[in-house]
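User: I am new to this structure and would appreciate a close look at one part, the packing of a pair of helices. Please then connect that part to other local features of the model.

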Amino acid sequence: MFRWIASFFFSLFLREVVNFVAPREAFTSSSDISADFAAMHSLASLVAEKQLNSSWILKRVGNLGVPTTIEWLNDVLLLGPNLVLNLLEFSVMAKIGKIVLDSGWLAARSTEVQLTGTQLTTTHPPSGPTSPWMEADVPGTVLGTLVKNKVVPDPFYGLENETIIDIADSGREYYTFWFFTTFERKLSGNQHLVLNFRAINYSAEVYLNGHQKVLPKGMFRRHSLDVTDILNPEGQNLLAVLVHPPDHPGKIPPEGGRAVIMRDISGFWVNALLAESKSIINCKLNVLPNILFFSPFFQIGKDVATQYVQGWDWIAPIRDRNTGIWDEVSIYVTGPVKIIDPHLVSTFFDGYKRVYLHATTELENKGAWVAECNLNIQVSLELEGSICLVEHLQTQHVSIPAGKSVQYTFPELFFYKPNLWWPNGMGKQSMYNVIITVDVGEYGESDSWSHLFGFRKIESYIDSRTGGRLFKVNGQPIFIRGGNWILSDGLLRLSKKRYRTDIKFHADMNFNMIRCWGGGLAERPEFYHYCDIYGLLVWQEFWITGDVDGRGVPVSNPDGPLDHDLFLLCARDTVKLLRNHPSLALWVGGNEQVPPPDINDALKNDLKLHPFFVISEETGKSMEDLSLQSVDPSQYLDGTRVYIQGSMWDGFANGKGDFTDGPYEIQDPESFFRDDFYKYGFNPEVGSVGMPVAATIRATMPPEGWQIPFFRKLPNGYAQLANYIQYRALVEGYTSHMWGKHTGFLIWKTQNPWTGLRGQFYDHLLDQTAGFYGCRCAAEPIHVQLNLATYFIEVVNTQSAELSDVAIEASVWDLSGTCPYYKVFDKLSVPPKKIVSIGEMNYPKSKKPKPLYFLLLKLYNMSDYSIISRNFYWLHLPGGDYKLLEAYRKRKVPLKITSRTFIKGSTYEMEMHVKNTSKKPDSKCFTYKNNFITRLGDDDFDMASLEPVNIGTKEKDEVGLFQRICRHFSRETDGLRVAEINGTEEGVAFFLHFSVHASKTEHKEGEDTRILPVHYSDNYFSLVPGEVMPIKISFEVPPGVTPRITLHGWNYHGGHAVF
């Protein structure tokens, strides 16, 4: 304790001295000061750091030979006056690390700027956002900047995209733009400044203080420029970037965004205008033998760039083809030695008890002399209450010749039973913070690198029983239930906040994999960060698609991109950028196509597995006996993940590349359960409806857009009812054949990067459809369901532990509110990783069954009646009349809504209890309260809209014990509020859903008042008489806005305000 207190007060002393001798703005936080002094002296055995969240972290270093705190104090105090001199020298040095340049940018069309890059960055810089210059979004695109400044209309509203000139008509010069900003940075004599562009599209000329640098072509490559020698050390540095569009932007067919000829139901060939018209047929079509794509227009495939931008059957063309500085720009200060692209790999032995961390990094010596370095690696784990446990701290000596680079591999680090990283639904996503630093001779700390890392092993092989690819994580088989991802936004308005919402939505649906489709992006590190946090495995494809690269009719770009070397350079750089993320599960060569033979062969060689990760196709086991006798696995480009040449090869679809994915249209719900529905083991694309909610359609098109002459108008609610039923049946149907027939499936698609009308679980405005909650229900790790083909009740257990001492309550409710069927199946056990048929739901075989009825299934623990899974069905007899449900709208069922609100800044967290009060519950029934068990991951719900505290903190666990106590006592309001909806009839409160709005006394007709995004623990739910449903709601409120929560339902018209 004395040692800690001494270190604590000494760190405060150092902080005060530094504040005296150096400007406060020279440091990010006091933690930086403590860390920097610890690095300078390499003496601290205990370091107390003041973090941004005001919590103290104690780091215990266990290395032998490190002086005690008392020795450290004595050594430092003996410095006397020299200490202040050393501090003064330290204060004038720029801080090692990265500064992101994401504000203060200007942009202008190149043809409207009559100056050279040299002039712009010396004598004639732009003075502000005056014509032709405008405020620019960086990262972002040209079109995004034009939309932001209202130079062009929002292309995602109505048919406004048709009013924006396409690059094919304007020429590339029209979308060639200047981007300009300034920055200041002072360096010491031995420091270096690197200007980094994490990605641009498609090529650029960079000017800094009058000096030109060229960024070569390629959308998916990093650019790093050492600008030390051209830096202005005393003032502003002027930076201008001239960005050029892709070389082959392609043309738009006369018929629109993507021209197809499609055979209609009568067998005649008809023209169909897709995407550009934003009509209801804006969808992924599935009857492939009856479709011809006019693919010669897809010239974008000649470049190494994203391919959807020329228009697809689900999106309109992006007019500038995503030209711009679309990813992060930063400046990075280092000493003479720089750390480049470390690679972290974990290997496992003895049933995952004995674990080794392997690390290799490149080190570049920018100095003019041999650098004698101490290379350090530290591995720490954050515990409860933001206490950080340092598990390893290792130092190695390295000599690097002047002007040279070396690759260094650390001795492996041993861990005994570390916390493992698991996918969503299988366990916690434990993450360790790995920090690598390099200290150079008399200079001190030269560079530092850190990354959150998860110990996990991913394996996959073709399952002999199903023919599908089977995945294992940490030795446990995982049934893949996930979706296809395009990208977050079609104008590349990417942000951490949006990524967080995107990925959390996928986790909330209980999905465990996202496929990054080949026509989209190599996703960004922020995307992968949140996949790491929320446990989403990622299938990452390279930039090849069959439609663009050789499989259209007639064929376009049969040899793929023109520059194969550029493609491979971008691929290898992407691997280095993403390979340390535990969520990254596999690489795939392309969508419905394999890369050209030379590219494919090179990728197979570059991404070959290290022997430790090779799986025997016969036994499904890894070759651990080969273990680490060969090269250290961290010396591979990757070596830990399988490479599959195409999305329909090697265990996906029929495994041979034939078009055997799909279907994509609406199905009879029972079809998904039939043995003949889909005969292959793993379906990489299967889709259905996915209509957005009506409020989103109203918000994204003018009223005349609602007039669709060739569709029969239905009353409100049917689209979302179809969404829920279709997607729940899809997930449940595939799951009912888990391991026997299927190893997984991916839904086409989970979201739209624009305001599309089909194929999404949440729309571009971030409002969830009912299909979102249908999937959330059906993909539960433990789930009760009705097999719609056999009418047998089934229990799904995807967990690795047996489910025992549970029961199922099955009740049927008719439209009059009575319960003609009630049965309990008790004393049940379900083995791990199994689906078990429990018994038949034989109400349809009873005397005089009703033609239309509701079924409620509850799986619960017999010990305390806690609900594990709840599932509600709307069913009918064969030939039943669905119109009976329409008359049910008139039934007035009373509800009581009790709410408790917690407010933290701009974040609202609400607990709602909705009760159907039309009838008292049966006194013998103990499940009506729906006391749900706490599932893994539920504890993060109240943090859905809060920003992370620091990069070393795992968001899902960032609320420690002390913070929770403080939150409990700092609630601004904690009173109960009760709202009632009157009604006089008994019955089911059908298809209820909440929405959150901004409270306004006056608003224009048709104005969208929704607050988005909102995280609901459930929505689109139904309640039988006497039943109570707890719902948690979390959202962030814009400044000056008061929220209003409304409840809608089949029996409740117009929405009822409940808060």
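Analyst: A crossing of two helices is called right-handed if the near helix is turned clockwise from the far one by less than a right angle, and left-handed if the turn is anticlockwise. With that term in place, the pair to examine is H13 and H14, whose crossing is right-handed. The model is a predicted one.

Two packed helices are described by the angle between their axes and the distance between the axes. Helix H13 covers residues 718-735 and helix H14 covers residues 770-778; the angle between them is about 30°, and their axes lie 7 Å apart. Angles under 35 degrees count as roughly parallel. H13 and H14 are therefore roughly parallel to each other.

On the H13 side, the contact is formed by Gln720, Asn723, Tyr724, Tyr727, Arg728, Val731 and Glu732. These meet Ala770, Gly771, Tyr773, Gly774, Cys775, Cys777 and Ala778 of H14. Sorted by class, the contact of H13 with H14 has 8 nonpolar, 4 polar and 2 charged residues.

The loop between strand E33 (744-748) and H14 contains lysine 749. The peptide bond that joins tryptophan 748 and lysine 749 is cis, with omega about -10°.

Helix H8 (residues 496-508) packs with helix H9 (residues 525-534) at an angle of about 35°, and their axes are 9 Å apart. The crossing of H8 and H9 is right-handed. H8 contributes Lys496, Tyr499, Arg500, Ile503, Lys504 and Ala507 to the contact, while H9 contributes Glu526, Phe527, Tyr530, Cys531 and Tyr534. By class, this contact of H8 with H9 has 7 nonpolar, no polar and 4 charged residues.

Strand E28 (residues 513-516) pairs with E29 in the parallel sense over 4 bridges. Leucine 537 in E29 is the bridge partner of methionine 513.

The loop between E7 and strand E8 (203-208) holds tyrosine 202, and the peptide bond from asparagine 201 to tyrosine 202 is cis, with omega near 20°.

Loops also supply the remaining features. Leucine 815 lies between strand E36 (803-813) and strand E37 (821-830). Leucine 815 and tyrosine 888 are 73 residues apart in sequence, yet their C-alpha atoms are 7.2 Å apart in space. Leaving aside neighbours within four places in sequence, leucine 815 is in contact with Leu852, Phe854, Leu884, Tyr888 and Arg891. Lysine 848, in the loop between strand E38 (834-840) and strand E39 (852-861), has a positive phi near 50°. The relative accessible area of lysine 848 is 78%, so this residue is exposed.

How values were computed:
Residues are numbered from 1 along each chain as its sequence is written. This is a predicted model: local features need pLDDT of at least 70, side-chain atom pairs count only at pLDDT 80 or more; totals for chains, interfaces and linings use all residues. Side-chain values use heavy atoms; hydrogens and water are left out. Axes are lines fitted to C-alpha atoms, for helices over the stretch in contact, and angles run from 0 to 180 degrees between N-to-C directions. Helices (H or I, at least four residues) and strands (E, at least two) are DSSP runs, numbered from the N terminus. Angles under 35 degrees count as roughly parallel, over 145 as roughly antiparallel, 65 to 115 as roughly perpendicular and the rest as oblique. Contact means heavy atoms within 4.5 Å. Ala, Val, Leu, Ile, Met, Phe, Trp, Tyr, Cys and Pro count as nonpolar, Asp, Glu, Lys and Arg as charged, and the others, Gly among them, as polar. Two strands pair if DSSP finds at least two bridges between them. Buried means under 20% relative accessible area, exposed over 50%, partly exposed in between (1.4 Å probe, protein chains only).
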